[in-house]
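Work through the exercises below with the structure open. Each task is followed by a solution in steps.

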Amino acid sequence: MRKSFVLALAFACAGTLAAQAGGGQKPAGDTAHKVPPGPGSLSVPNADPFTSTYKPFPSKTTVIKNATILTAAGPRIEGGSVLLKDGKIAAVGKDIAIPADAVVIDGTGKFVTPGLIDVHSHEGVYSAPGVEANSDGNEAVRPNTAYVWAEHSVWPQDPQFPRNLAGGVTTVQILPGSANLFGGRSVVLKVVPARSVQGMKFPGAKYGLKMACGENPKRVYGNRGGPQTRMGNLAGYRQAWIDAEAYRRAWDKYLADPSKENPPKRDLGLETLAEVLRGNILVHMHCYRADEMMQMLDVAREFGYHISAFHHSVEAYKIADILAKDSVGVVEWSDWGGFKMEALDGIEANLAMTDHAGARAIVHSDDPSVTQRLNQEISKAMAAGRRAGLDVTEEEAIRWATINPAWSLGLADRIGSIEQGKNADVVLWSGDPFSVYTHADKVWIDGAVLYDRMDPKQQWRTDFELGFVNLTAGGSN
Amino acid sequence: MRATRNGLLALACAMAAFALPAQTVAITGGTVYPVSGPMIKNGTVVIVNGKITAVGANVAVPAGAKKIDATGKWVTPGFVNSSTVLGLVDVGFGADANESSSRGQDDISASFQPWLAFNPLNPLIPAAREGGVTTVAIWPNGNLVGGQGAMLDLFPGSLPEVLLKAPIGMAAEFESLRSAGVGSRGELLGKIEELFAATKQYMANKEAYNAARMRTLPYRKADLDAMVPVVSGVLPMVVSVNSAADIQEALRLSKQLGFKMVLYGASEGWMVAKEIAAAKVPVLTGAMNNIPRDFVELNSRQDNASLLRKAGVTVVIVGNAGGGDEENFNVKNVRFEAGNAVGYGMTWDDALRAVTLAPAEVFGVAGKIGALKAGMEGNVVVWSGDPFEFATQAEHVFVRGVEYMQPSRKDLLTERYKSLPPSYYKP
């Protein structure tokens with residue numbers, strides 16, 4: 001009974017949202033609001049049923065002064081200051097006016113960067129402790145599970161989140177796992193404490209679709225009805241897009257004149273794929289090998305969608321010129337490789353080489369430990385680039401963990417750099433973030449201090465940790 | 001894997017061209033960290049015929065020596081990564097190219113000697129070496145008693161040539177119930193006690209056992225033989241365990257059964273650091289673990305290694321944070337693990353010791369490697385700066401006095417794809 005009521009309600013809301021969509025809503029600030037649907041969203045029954053309830057934490061007008069600022073938007077500013085006001089970066093430069101009511105933090109000897117962004121995280125869906133009951137990241141029941149949404153697995157009390165924040169990470173994309181050709185929808189979260197995942201959701205961020213190339217789907221389904229081969233994988237993607245295109249047409253036809261006929265039956269998986277075809281959901285595809293990425297670019301062309309980024313692209317350096325031309329992000333580790341055949345050709349200069357070829361180079365973790373040290377990852381990759389003879393600067397390398405991932409999420413207008421008007425997501429580092437000895441001292445999200453290494457009271461503790469874990473994310477007792 | 005051995009031998013001959021022959025080498029002008037003694041400014045290290053012959057501030061450079069100017073550089077012993085499967089695994093999974101685990105019998109494979117399958121020509125070895133690692137310990141994976149470890153130097157010689165010492169310890173799993181094939185840790189410890197009791201029986205009645213005048217013990221004879229040095233307190237048992245309570249139980253058992261112990265992991269070691277120090281039990285652990293990954297390591301913390309050291313425990317730094325594969329593909333990263341230990345409170349000198357002399361002492365090869373002093377193997381690294389920093393490169397790496405210039409597979413791929421499209425005909 002109750003179930004059918006909820007369904008009916010969802011259907012009813014669909015009409016309302018679709019009607020609103022024509023109104024041309026403008027994106028508001030980072031407070032909860034409906035996702036502004038793109039032009040194609042008219043055909044989506046409900047674009048935003050799990051609306052963000054995030055509200056910025058209370059903040060004070062703050063100035064960090066006399067620090068080295070890596071803005072990710074230009075040359076470094078030595079002895080610079082940043083003004084955080086009303087959740088935004090109000091000013092940045094060598095000489096800025098300090099408001100009388102501002103909290104002033106001396107950044108002498110310290111560095112300031114934008115909050116780091118990890119576009120490949122499984123926190124909350126593979127929570128700690130990593131017990132069977134917390135294994136919610138892979139709906140490995142059939143090769144196409146485009147119908148699942150990662151947010152429905154996210155446990156906001158995962159103790160990995162506060163540790164991630166302590167590493168200077170302020171925004172994460174949580175992805176389903178890579179067992180499936182189509183793994184399901186991703187969700188973009190702010191790394192903040194909340195009672196529900198809705199309270200962490202980045203308002204207005206587009207959804208992503210997780211897809212996977214190569215060995216994983218083959219391995220998982222090889223003896224379970226397939227795909228058993230890479231050609232099986234390709235057939236699986238193409239058939240799904242054919243179905244999605246038919247679905248999109250049927251809905252678009254209906255919505256062009258809803259009075260004419262009954263609406264087609266909704267299908268959660270096809271709805272997600274149709275939204276990709278309309279450009280409203282961004283494709284994030286796990287793909288190691290260069291030749292497979294090239295095939296996926298052709299599949300994307302065949303069906304008229306764009307791939308936002310290839311993840312784990314250990315061979316991106318082999319086709320960096322092509323990826324640059326096609327505006328595809330390349331999401332890479334600094335130095336992982338070799339753990340399976342498709343990862344064999346991982347090289348440490350990958351980030352630097354793809355960046356220098358003009359592609360959008362992005363560092364990622366896929367790992368709850370590595371994600372706490374993305375600054376160390378880009379430092380390793382920068383050193384490898386230099387060793388390979390490329391002139392990589394810290395100004396360039398910081399982009400791999402800030403503005404470039406923001407771009408791949410469609411959020412480059414709001415986060416990823418220290419520029420006037422952007423969200424005040426900022427990290428104060430104890431020293432040069434490219435040094436192994438440096439820690440994040442303070443982390444702000446939307447202007448609010450959410451982590452302070454020196455103050456255990458300013459270190460978020462999840463419910464799980466109470467009584468179980470006697471340490472804070474900053475390592476204090 | 002075996003079928004390719006001949007091919008690899010052919011490759012070895014080709015690779016010999018990359019090695020400069022052992023000769024007299026003098027590394028001069030650098031800041032020298034001998035580890036066995038205080039830092040030497042403007043020091044000289046002399047290597048003759050593969051061995052270090054002199055280290056100091058006022059050392060004469062032998063006539064005809066190949067001189068390496070290390071002015072502004074840092075000179076250390078070659079680094080040791082004490083927890084690897086290097087040379088045993090070509091590809092982790094999906095390729096049938098992994099020699100690191102054995103089947104055993106009833107979760108016991110004490111007789112397993114993984115180094116017998118060690119491939120000195122494994123292409124990941126040059127990658128480890130160019131990162132300043134000259135020595136590794138290799139260990140088996142899986143089982144309650146998984147088998148024996150070995151320590152080897154990283155150069156393309158034959159197995160007897162590269163082996164520094166084998167066995168160096170017996171790997172045992174005191175935590176993973178699945179690996180140990182049990183339902184609870186209580187059962188696990190019971191199985192260890194049974195194995196010890198059987199080995200003692202076997203030792204006391206060896207002749208009768210061999211003549212079949214004694215009842216058969218439920219273990220393979222080879223495993224009982226392998227357990228003898230462990231039960232006798234000669235060969236240390238390297239025990240994987242994390243929780244404070246389990247560490248205490250392991251300490252108790254080691255005392256009760258009289259075996260030498262080394263702890264591996266010990267995430268919650270800091271909570272019982274004094275007890276570990278009092279028992280003189282060394283610990284192999286990482287410096288980046290702070291995730292309550294399991295109910296037996298809820299209180300993991302990044303400064304665990306540092307707190308253990310401060311309590312007087314001998315600490316060997318290894319990479320075991322999970323991601324990143326410091327056991328094979330990224331063996332080189334042990335130096336960054338050490339850097340992180342410093343970031344979390346360990347002294348720089350202690351961190352250097354934890355990746356050089358400390359493992360050499362723990363595994364009984366301190367007379368050969370781990371320090372820069374006369375008589376030691378010529379395992380020496382000249383670094384462009386602080387070896388724990390990412391920006392620093394290992395500029396010269398000597399293994400037994402020889403500098404191997406062989407590029408790693410990663411270097412070859414990097415070179416090939418520097419300009420696009422690549423040529424598939426140039427190396």
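**Exercise 1: a serine in a loop**

B:Ser408 lies in the loop between β18 (402–403) and α14 of chain B. The model is a predicted one.

Task: Decide whether B:Ser408 is buried or exposed, and state which residues B:Ser408 touches, not counting residues up to four places away in sequence.

Solution. 
1. The relative accessibility of B:Ser408 is 0%.
2. A residue counts as buried under 20% relative accessible area, so B:Ser408 is buried.
3. With residues up to four places away in sequence left out, B:Ser408 touches B:Pro126, B:Ala127 and B:Glu130.

**Exercise 2: the interface of chain A and chain B**

Task: Describe the interface by its contacts, its buried area and its salt bridges.

Solution. 
1. Contacts link 49 residues of chain A with 50 residues of chain B.
2. The two chains bury about 4200 Å² between them, and carbon and sulfur atoms give 56% of this area. On the side of chain A, the residues that lose the most area to chain B are A:Arg387, A:Val436 and A:Tyr437, together 15% of what that side buries.
3. Six salt bridges are found across the interface. In a salt bridge between B:Lys332 and A:Glu348, the N to O distance is 3.7 Å.
4. On the side of chain A that touches chain B, the elements giving two or more residues are α2 (160–166), α7 (320–325) and α9 (374–387) of chain A. The largest share, five residues, comes from α9(A).
5. By class, that side of chain A has 23 nonpolar, 14 polar and twelve charged residues.

**Exercise 3: chain A as a whole**

Task: State how many helices and strands chain A has, and what share of its residues count as buried.

Solution. 
1. Chain A has eleven helices and 17 strands.
2. Of its 477 residues, 60% count as buried.

Key
Residues numbered from 1 in each chain as written. Chains lettered and ligands numbered in written order. Predicted model: local features only at pLDDT ≥ 70, side-chain atom pairs only at ≥ 80, totals over all residues. Heavy atoms only, no water. Contact = heavy atoms within 4.5 Å. Buried area = accessible area lost by both parts, 1.4 Å probe. Salt bridge = Lys/Arg side-chain N within 4 Å of Asp/Glu carboxyl O. Helix = DSSP H or I, 4+ residues; strand = E, 2+ residues; numbered from the N terminus. Nonpolar A, V, L, I, M, F, W, Y, C, P; charged D, E, K, R; others polar. Buried < 20%, exposed > 50% of the residue type's maximum accessible area, 1.4 Å probe, protein only.
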